[in-house]
Amino acid sequence: MTSHDEASKDDHERENAERVRDLAERAGIPSGLALALILKYGNDPNVLDREAAKLKRNADNGDR
């Protein structure tokens, strides 16, 4: 692997970590759930927010 390939891979990993962190913070869910949603649904923010809201709502209702 060339240094350019390694730099590109590092950039990609950093972007993925930022997506996970952003979704987790935005939706108020653990980062592991955010990662699972991204892996399942891709990077569409509307879909991710909708599915995260469902998870959060279900978790909140389960606490009662």
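Predicted model: local features only at pLDDT ≥ 70, side-chain atom pairs only at ≥ 80, totals over all residues.
Modeller: Residues are numbered from 1 along each chain as its sequence is written, and side-chain values use heavy atoms, with hydrogens and water left out.

Colleague: What makes the pattern of the chain α-α-α?

Modeller: Helices are DSSP runs of H or I with at least four residues, strands are runs of E with at least two, and both are numbered from the N terminus. The chain has 3 helices and 0 strands, and reading along the sequence gives α-α-α.

Colleague: How does the radius of gyration of the chain stand against that of a compact globule of 64 residues, and what is the value for each?

Modeller: The radius is taken over C-alpha atoms, and the globule rule is 2.2 Å times the number of residues to the power 0.38. That rule puts a compact globule of 64 residues near 11 Å, but the chain has 14 Å. The C-alpha trace spans about 55 × 20 × 15 Å along its principal axes.

Colleague: Why is Ser31 called partly exposed?

Modeller: Buried means under 20% relative accessible area, exposed means over 50%, and partly exposed lies in between (1.4 Å probe, protein chains only). Ser31 has a relative accessible area of 44%, and is therefore partly exposed. Ser31 belongs to helix α2. Buried residues make up 19% of the 64 residues in the chain.

Colleague: Which residues does Ser31 contact, leaving aside neighbours within four places in sequence?

Modeller: Contact means heavy atoms within 4.5 Å. With those neighbours left aside, Ser31 is in contact with Val20 and Ala24. The C-alpha atoms of Ser31 and Arg19 are separated by 9.9 Å, the two residues being 12 apart along the chain.

Colleague: What makes up the largest nonpolar core?

Modeller: A nonpolar core is a set of buried Ala, Val, Leu, Ile, Met, Phe, Trp, Tyr and Cys residues joined through side-chain atoms within 4.5 Å. The largest has 10 residues, namely Val20, Leu23, Ala24, Ala27, Ile29, Ala34, Leu37, Ile38, Leu48 and Ala52. Not counting residues up to four places away in sequence, Leu23 touches several residues, including Ile29, Ala34, Leu37 and Leu48.
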